[in-house]
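Here are some questions on how terms are applied to one model. Each reply sets a value against its cut-off.

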Amino acid sequence: MRAARLIRMALLVQSSPGLTAGALARELDVSRRTVIRDAQALQEAGVPIRAERGRAGGYHLAPGHRTRLTTLHPTEAETLYLSGLPTALRDLGLSDAADTARLKLSATLLPSLRAAAESSVRRFHLDAPAWFREPSTPGLLPALARAVWSDRTVEITYARRPGRDDTVTRLLQPYGLVLKAGVWYVVGRVPEGPGGAWRTYRVDRVTALSPTGDEPFVRDPDFELTEYWRANAEAFARTLLRTAATLRLTERGLARLPAVADPAGVAEALASASGPDADGRVTVELPVESEEVAFAQLSALGADMEVLAPEGLRERFRAHARDLAALYGVTGQR
């Protein structure tokens, strides 16, 4: 356990010279005192690591010293190629660069470790998109990715609702891209207003993009994309649910609701569920993106679900029922 931590500490200092004891403690999930002891242990083992004081201080390795990749454990080599997402790299226009990087990295490994790394590719594959969805690459994704890499402010036009004339134009400092269940999102700061505001946008709804200015924006050093996404993904999903539907569900319909509706909305619906009525049905308030989306999702529940409101959605189901009855030659009522 400690040996692995010492190796990781040496690699961190090599890749990011000047890390402070506090920064290393956070990365390694240990105390500052443990970092100091580990640095002493590395020095005793012959790793030329030193702590420097002052504004440009922190931990550094001696000039010219490099940690050799040939010290990889076979298990580490096996996981080396599992970190890539072929589909994501292709979408970003980076697949050729990634292939070249893997070739260069393989050439530095011992033959036994090279075989271990390459064997993982034959055994594991990550398929990010969800089932029954045809993956498509947003046309502006590569340009947006270039803006993320170069810290360039862009002006984007964003469609709040697909298929409608409901767009906004924003200046955006794009901090990062996230691939969630086959859908790309951009996270960034809208600099307009005091302090700016953090926003998340679906990339496939960005209809226009143009760089602004010649100088890169200054990134917030405290921003961590992984932590931001973890903390805000649920809240962002909730912002997409702009209206609500009142539903009356059978026990089976309630059990199937999570399979057809958005998870963020389902959680609220289940929390609002009433007790069973005389027919054994429960009433819930389900947040939905729009009546169109709700109709497409809830149609799968069939007779296990009755829409009580809004009236526009209820009328959609009436019309749908009449069309089905006409198609199948059904007469009379149940």
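**Burial, pocket, core and salt bridges**

Q: Why is helix α2 described as largely enclosed by the rest of the structure?
A: In this predicted model, six of the eight residues of helix α2 (residues 21-28) are buried, so the helix is largely enclosed by the rest of the structure. Those buried residues are Ala 21, Gly 22, Ala 23, Leu 24, Ala 25 and Leu 28. They pack against α1 (2-15), α3 (32-44) and β2 (58-61). After α2 comes Asp 29, with a positive phi near 60°.

Q: What makes Asp 220 and Arg 189 a salt bridge?
A: Their side chains meet at 3.5 Å, N to O, and the cut-off is 4 Å, so the pair qualifies. The two residues are 31 apart, with Asp 220 in the loop between β7 (206-211) and α9 and Arg 189 in strand β5.

Q: Why is Arg 189 called buried, and why is Asp 220 called partly exposed?
A: Buried means under 20% relative accessible area. Arg 189 has 18% and therefore counts as buried. Asp 220 has 25%, so it is partly exposed.

Q: Why does the pair Arg 248 and Glu 306 tie together parts that are apart in sequence?
A: The side chains of Arg 248 and Glu 306 meet in a salt bridge of 3.2 Å, N to O. Arg 248 lies in strand β8 and Glu 306 in strand β10, so the bridge ties together parts 58 residues apart in sequence. Arg 248, at 16%, is buried, while Glu 306, at 26%, is partly exposed. Both belong to a network of salt bridges that also links Asp 277, Asp 279 and Arg 314.

Q: How do you know that Glu 292 and Arg 316 meet in a salt bridge?
A: The N to O distance is 4.0 Å, and a salt bridge requires a distance within 4 Å, so the pair counts. Glu 292 lies in helix α12 and Arg 316 in helix α13, 24 residues apart in sequence. Glu 292, at 36%, is partly exposed, and so is Arg 316, at 33%.

Q: Which residues touch the most other members of the largest nonpolar core?
A: Of its 20 residues, these are Leu 247, Leu 249, Leu 257, Leu 286, Leu 298 and Met 305. The largest share of this core, four residues, comes from β9.

Q: What makes up the lining of the second largest pocket?
A: The lining divides into 12 nonpolar, no polar and eight charged residues. Its largest share, five residues, comes from α9. The pocket holds about 650 Å³ of space.

Technical notes: Residues are numbered from 1 along each chain as its sequence is written. This is a predicted model: local features need pLDDT of at least 70, side-chain atom pairs count only at pLDDT 80 or more; totals for chains, interfaces and linings use all residues. Side-chain values use heavy atoms; hydrogens and water are left out. Buried means under 20% relative accessible area, exposed over 50%, partly exposed in between (1.4 Å probe, protein chains only). Contact means heavy atoms within 4.5 Å. On a 1 Å grid over the protein atoms alone, a cavity is a set of points where a 1.4 Å probe fits but cannot get out, and a pocket is an open set with protein on both sides within 12 Å along at least five of seven lines; lining residues have an atom within 4 Å of a point. Grid points are joined across faces, edges and corners, and a volume is the space filled by probe spheres set on the points. Ala, Val, Leu, Ile, Met, Phe, Trp, Tyr, Cys and Pro count as nonpolar, Asp, Glu, Lys and Arg as charged, and the others, Gly among them, as polar. A nonpolar core is a set of buried Ala, Val, Leu, Ile, Met, Phe, Trp, Tyr and Cys residues joined through side-chain atoms within 4.5 Å.
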